[in-house]
Amino acid sequence: MIKLENITKDYKVADTLVHALKGISISFRQSEFVSILGPSGCGKTTLLNIIGGLDHYTTGDLYIDEISTKQYSDREWDTYRNHRVGFVFQSYNLIPHQTVLENVELALSIAGYKKDERIAKAKRALDRVGLSDQYYKKPNQLSGGQCQRVAIARALVNDPEILLADEPTGALDTETSVQIMDLIKDISKETLVIMVTHNPELAEKYSTRIIKLLDGEVIADSNPFNFNSQIKTQSKQKNVSKKSKLSIWQTFRLSARNLYSKFKRSLLVCFAGAIGIIGVTSVLAVSTGIQNYITNMQNDMLAGNPVTITETTLDINALMGTMSSFTLGESVTANIEDGYINVDGVIEYLASRAEQMDSLMITNNIGQDFINYLNNMPSEYRAAINYEFGLYLYNNLYTNVSFTNKEQNDMVSLATIQQIYTSILEQTEFSGYSSLITSLDNVFNQLPNNQEYVLSQYDIIAQASGKGYPSAANEIAIVVNKEHALSDIMLAQLGYYTQDEFLNIISKASEMPEYNPSLDKTKFSYEELLGKSFTWYPNNTIFTSNPLNPANPFTYSGYADSAWEDGIELTITAIMVQKEGLNYTTLDTGIYYTQELTQQILEKNLNSEIVQHLITNEEDSFTSTNYGGIDMGITYKYSYYYNGTDYADQTGYVGTTSMMSAIMGSAGGNSSTPNYYTITLRELGGVNMPNSISLYSTDFEQKDLLLNYLDEWNNSDLLTIGNKTLTAEQREDITYTDSLSVIMTMISGLVSMVTTALVAFTALSLIVSTVMIAIITYVSVIERIKEIGVIRSLGGRKKDVSRLFIAESSIIGLFSGLIGITISLLITLLINGLANMTISTLTIPIVVIMLAISIGLTLISGLVPARLAAKKDPVVALRSE
């Protein structure tokens with residue numbers, strides 16, 4: 001039951017206070033048709049809005065079922081409007097982007113009805129007003145009378161106790177007005193109907209009670225009702241504990257329908273919002289692709305770039321820190337003086353850099369304790385270990401070679417083969433480069449100690465009968481390159497070519513008339529390669545002491561003697577090639593032997609006479625050369641035949657020349673400059689501690705375990721190795737080299753820096769998009785202001801209105817993100833297609849993050865407009881056009 005007691009309503013217009021209602025006191029029956037008459041501006045609509053809870057009185061009180069509304073909260077007013085009041089407006093106030101059925105359903109959605117029940121009640125309400133065939137039409141497809149019927153159906157759908165009609169026939173023709181009034185008259189039989197009208201004839205014809213207002217006061221009431229005397233008998237109980245709330249789904253549905261009704265504009269807004277997403281996503285995709293490429297390359301390069309520990313190494317971390325500590329000429333630039341030319345301190349610079357480089361060189365004393373520590377490393381921390389002792393095997397390895405003008409093949413050392421072919425080249429136009437042969441000779445190397453690890457990178461394409469991967473001291477393997485090829489120089493050094501075949505290669509390269517196509521040998525069969533054998537002889541067999549000749553303390557035998565018996569015959573048991581798809585692997589092209597052979601070589605050579613000579617004399621190496629016509633060092637005799645001449649008793653020198661020495665000695669064809677050949681104690685097998693250790697990993701997780709294990713040697717206070725415990729003082733620090741990580745860290749850092757700069761730059765467009773969406777959302781608030789009033793009149797909360805526009809912003813953000821990601825994906829495919837490789841990768845985390853950013857930014861941009869929409873006065877909103 002409704003009772004107004006001394007209600008006043010004041011409005012402030014500019015500096016003037018307008019008294020719209022002045023002490024109105026009225027009580028209403030449970031069901032009656034009340035018409036409120038009066039001229040414009042007398043307060044009729046204001047009174048109607050106060051009864052409906054859309055507007056609030058200034059003083060007085062409004063009682064609902066004997067309960068004062070002075071302490072009503074916004075939530076209670078919303079519930080009151082939704083469950084107890086229905087509004088019928090002169091201009092219908094239907095939401096244009098919803099169907100007839102959806103407009104009627106809206107009040108039920110706010111009331112919390114389930115979908116099936118909601119649809120059924122809405123259809124019954126439409127059937128009641130004669131619109132059973134108009135459910136799915138839009139308001140713009142209906143006549144004025146039909147629109148008003150929809151408005152009445154919407155007002156009645158939630159079974160209100162009060163129907164408030166503000167000029168319900170003001171916009172209708174006479175015939176339609178009569179139909180609407182008959183309908184309202186019928187409704188008043190069971191519901192309180194309060195109608196505001198200017199038409200006294202309609203009021204007289206249909207109303208059961210007429211209240212006249214003038215200047216905000218009641219001047220007449222044709223059928224007054226005494227609330228106090230009849231309240232007990234006429235009070236109708238209604239469950240007012242229900243709450244009104246627009247569901248999240250309905251909020252998004254309303255917003256989506258509104259955006260769809262302006263499809264082209266919404267699409268343009270989404271595209272504009274997607275620009276920033278496209279920029280940032282594309283940058284992140286390229287950055288991720290490059291980082292993935294770097295990571296994959298690192299994983300691939302791990303095999304070819306192991307962590308190494310050498311006797312002498314460069315402190316790379318310290319080097320990086322001193323790269324810019326001294327700049328040439330920096331002392332000069334600060335002292336420029338007119339009339340003078342400064343002296344640039346190049347000597348000072350070079351001296352400073354030399355001191356710095358000396359300080360960066362580190363010597364590792366690799367001892368047995370450290371070797372034991374590495375051998376005790378858990379197997380899961382490394383894939384393989386390779387201990388290298390710096391052995392030079394060319395002096396000790398002999399094989400059969402067919403030389404010109406010889407009746408039978410010679411059993412000659414690889415060092416002698418090199419010397420013979422070098423001498424032959426000196427007789428050709430390639431004489432200036434003859435010494436280069438001896439600098440390209442390191443083709444015999446030791447295999448890592450893990451067969452499974454090596455075979456994960458290499459396929460065995462041929463193997464000796466009953467053999468395979470080398471597993472014994474007398475077994476070796478050939479590794480060919482990806483093209484299944486070996487260099488002609490290497491094959492010549494190993495004795496696969498006859499002298500005639502090697503010379504024919506030279507003749508062909510120099511276009512000499514001696515070239516014979518029939519001697520061309522561009523391929524070797526597997527059987528030819530596997531059929532070759534080499535014999536290793538110890539130092540005491542191949543070196544003869546000359547105690548009476550200090551200048552030539554030892555003589556070397558370049559040709560094997562058939563009487564020698566202590567050799568190890570090495571047979572080739574496998575030919576291996578790098579697996580398809582791998583770019584970096586552990587082994588280079590060459591011949592590989594086992595660690596068992598290394599141990600036998602060290603055992604036989606450690607106590608050899610030539611090794612002991614160096615140790616006794618505290619020398620580290622022999623240097624051999626011809627200086628001023630005098631042979632010095634370790635020499636040997638060899639002979640060869642070329643171009644009709646037999647060059648007998650040539651002098652050869654034991655050892656190797658550096659690449660620089662070879663170039664300097666033969667640059668410009670000048671072969672008169674003497675070459676210096678050096679053979680070290682280590683190369684002779686005179687040191688039983690490795691000078692280089694290579695530690696291989698299969699992936700970076702394993703590598704991290706490996707590096708942590710190595711760090712423990714330097715950092716732990718106590719280390720237990722087998723039965724032995726070492727304190728920190730008993731251990732010397734070991735510096736390892738991880739050049740791959742240093743290089744890749746620099747590259748990754750550079751990529752990250754560039755990515756950050758590009759993301760920051762492209763993020764500006766995100767800010768612009770956010771501001772633009774905020775403006776568009778505010779425009780939407782202005783466009784939908786009447787819809788705001790309708791939702792509030794139906795019991796929608798301020799929060800529901802706010803959510804409506806936040807939902808709209810979220811939908812724009814979602815579709816902006818989807819458009820941006822779709823276009824970014826196309827850009828990614830285009831970039832990868834043009835580059836013919838994957839350098840741009842759009843990952844799921846990037847997609848999720850960018851969608852979240854897109855939605856998040858649009859949510860932020862919609863907060864202010866949504867807040868402004870929630871604050872809109874529903875009375876003002878309903879009056880707007």
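In the predicted model, Y394 has a relative accessibility of 2% and therefore counts as buried, the cut-off being under 20%.

F534 lies in strand β20 (residues 533-536), and 90 residues of sequence separate it from F444 in strand β17. With a relative accessible area of 0%, F534 is buried.

Over the whole structure, the search for aromatic pairs returns 28. One aromatic cluster is formed by F543, Y556, Y636, Y638, Y640 and Y647. K521 is positioned over the face of F524, 4.7 Å from the ring centre. For K532, the charged end sits over the ring of Y496, at 5.7 Å from the centre of that ring.

Helix packing was examined for α27 (residues 785-793) and α28 (residues 798-835), whose axes approach within 9 Å and cross at roughly 145 degrees. The crossing of α27 past α28 is right-handed. On the α27 side the contact involves E787, I788, I791 and R792, and on the α28 side K798, V801, L804 and F805. By class, the residues of this contact comprise five nonpolar and three charged, with no polar residue.

Two of the residues in this helix contact, I788 of α27 and F805 of α28, are also in contact with V781. V781 is part of helix α26 (residues 739-783). Beyond its neighbours within four places in sequence, the contacts of V781 are I788, F805, P865, A869 and K872. V781 counts as buried because its relative accessibility is 0%, against a cut-off of under 20%. Between V781 and E76, which are 705 residues apart along the chain, the C-alpha separation is 25 Å.

R879 is located in helix α30 (residues 874-879). Its relative accessible area is 51%, so R879 is classed as exposed, for which the cut-off is over 50%. The C-alpha atoms of R879 and K786 are 7.6 Å apart in space, whereas 93 residues separate the two in sequence.

S188 occupies the loop between α6 (174-187) and β8 (192-197). Although in a loop, S188 has a relative accessibility of 7% and therefore counts as buried. Residues up to four places away in sequence aside, S188 touches S31, E32, F33 and V193.

Key. Residues numbered from 1 in each chain as written. Predicted model: local features only at pLDDT ≥ 70, side-chain atom pairs only at ≥ 80, totals over all residues. Heavy atoms only, no water. Axes fitted to C-alpha atoms, helices over the stretch in contact; angles between N-to-C directions. Helix = DSSP H or I, 4+ residues; strand = E, 2+ residues; numbered from the N terminus. Left-handed = near helix turned anticlockwise from the far one by under 90°. Contact = heavy atoms within 4.5 Å. Nonpolar A, V, L, I, M, F, W, Y, C, P; charged D, E, K, R; others polar. Buried < 20%, exposed > 50% of the residue type's maximum accessible area, 1.4 Å probe, protein only. Phe/Tyr/Trp six-rings, centres within 6.5 Å; stacked < 30°, edge-to-face > 60°. Lys NZ or Arg CZ within 6 Å of the ring centre and 35° of its normal.
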